[in-house]
Amino acid sequence: MKRILILILSIGLLLSLAACGDDGKAGGKEKGKDEVKIIRAGTGANSEHSSYKGLEKFKEIFEEKTDGAFEVEIYHSGQIGDDTTMTEGLQLGTQEIAVPSVDNITPLAPEFSVLGFPFLFPSKAVAYDVLDGEVGQGLFEKLTDKNLVGLAYWENGFRNTTNDKGPIESMADLKGLKLRTMQSKLHIEVFSKLGANPTPMSFSELYTGLQQGTVDGQENPYPLIYQQKFHEVQKYMTNTQHVYSPYIFLVGKGFYDDLSEEQQEILKEASIEAGKYQREINEEQEIESLEGLIDEGVVFTELSDEARQEMIETVQPVIDKYTEEIGTDLVNDVYEAVKNSDK
Ligand code: TK8
């Protein structure tokens, strides 16, 4: 078993060295090329997105603070896999870092579903408070036996719904809509409850799925809708803001355990610092993207308070069911932290 693991790891290392040869970025460093450890970091979003910019910031900080011992290679648009595949890569040791949406790791670590409960966070400020506080950080422990280490929460953002059938003004308009969801059992049940016909699909396949009508609609934060040009194939958009999606800065445990304590600290700090930057960029991108989408002709509907209230009440039984499944104590802690946040 150990031998196989070593074999897999060495293949991974060889592959990353080979990949590095492409752009030769490891050259020019004071240390010899073979002494520089290559780390591969990926996001499913494209290179315009805040998650990619955040990884660039992370690279800058981490490489500098570790004095040239590492080179971070950044991949976007699911080049080295979608959220699910990248997370598997971290577990196997063929990839070191990924920033998947928390909801997409819930098949592996179901406790994280609580962060994707609909209408949980009333604002970003409260989300930051809870995620960066005791409860959010405590959830990272659930990853250890999955061979993963969670270091920080970044931001994907509040999600909004697009489709090409008609404006969504209330739940009635979701009826029968073929809606793509993330790989989250909870989200599938939430959208079924709301009357839609949900289908999980990889983010990388989504544009084509929308274009070919495999699905009628999808939900994502404004920057991803705009940057992925979903509005080319989706006429209508509603600010449903039904859930806040955090990204998680995730690393493989094997990689993490091989670092010195000092390097582990630098890694954690760099992930947090880059995350602050990423959240700021994301905030700007949300404003620009909404403007861009409207300018480019999306039919934009604002969800009324009554319509949102109807959705909140409708999904409550699903929340209750998952509370039982995940564990009442954990879920209560999260709700308490939301309530007690002074943000
Ligand atoms: C890729 C995914 C994406 C997520 C999704 O970055 O799958 O819809 O919102 O951001 O993590």
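**Close-ups of the ligand site and the strands**

**View 1. Around the ligand.** Of the 13 residues around the ligand, Asp83, Ser101, Asn156, Arg180 and Asn220 come nearest (around here is having a heavy atom within 4 Å). This is a predicted model, where local features need pLDDT of at least 70 and side-chain atom pairs pLDDT 80 or more, while totals for chains, interfaces and linings use all residues. Residues are numbered from 1 along each chain as its sequence is written, and side-chain values use heavy atoms, with hydrogens and water left out.

View 2. Look at the side chain of Asp83: one of its N or O atoms is 2.5 Å from an oxygen atom of the ligand. For the side chain of Tyr247, the distance from an N or O atom to a ligand oxygen is 2.9 Å, and for that of Asn104 it is 3.3 Å. On its own the ligand has 300 Å² of accessible area, and the protein covers 99% of that (Shrake-Rupley method, 1.4 Å probe).

View 3. What is the largest cavity? It's the space taken by the ligand.

View 4. Strand E6 (residues 178-181) runs parallel to strand E7 (residues 197-200), with four bridges joining them; strands are DSSP runs of E, at least two residues long, and helices are runs of H or I, at least four, numbered from the N terminus. Here Thr181 stands opposite Pro200 in E7. Together with helix H6 (residues 185-193), E6 and E7 make a right-handed β-α-β unit. E6 also runs parallel to strand E8 (residues 217-220), through two bridges, and Leu179 has Gly217 as its bridge partner there.

**View 5. An open sheet of five strands.** The order is E2-E1-E3-E10-E4, with mixed pairing (two strands pair if DSSP finds at least two bridges between them). At the edges are E2 (70-75) and E4 (148-158), each pairing on one side only. Six bridges join E2 to E1 (residues 37-42), and these two run parallel; Gly42 stands opposite Tyr75 in E2.

Conventions
A crossover is right-handed if, with the strands pointing away from the viewer, the path from the first strand over the helix to the second runs clockwise. A polar contact is a pair of N or O atoms within 3.5 Å; within protein, one must be able to donate a hydrogen and the other to accept it, and residues adjacent in sequence count only if both atoms are side-chain atoms. On a 1 Å grid over the protein atoms alone, a cavity is a set of points where a 1.4 Å probe fits but cannot get out, and a pocket is an open set with protein on both sides within 12 Å along at least five of seven lines; lining residues have an atom within 4 Å of a point. A molecule sits in a cavity or pocket if more than half of its atoms lie within 2 Å of its grid points.
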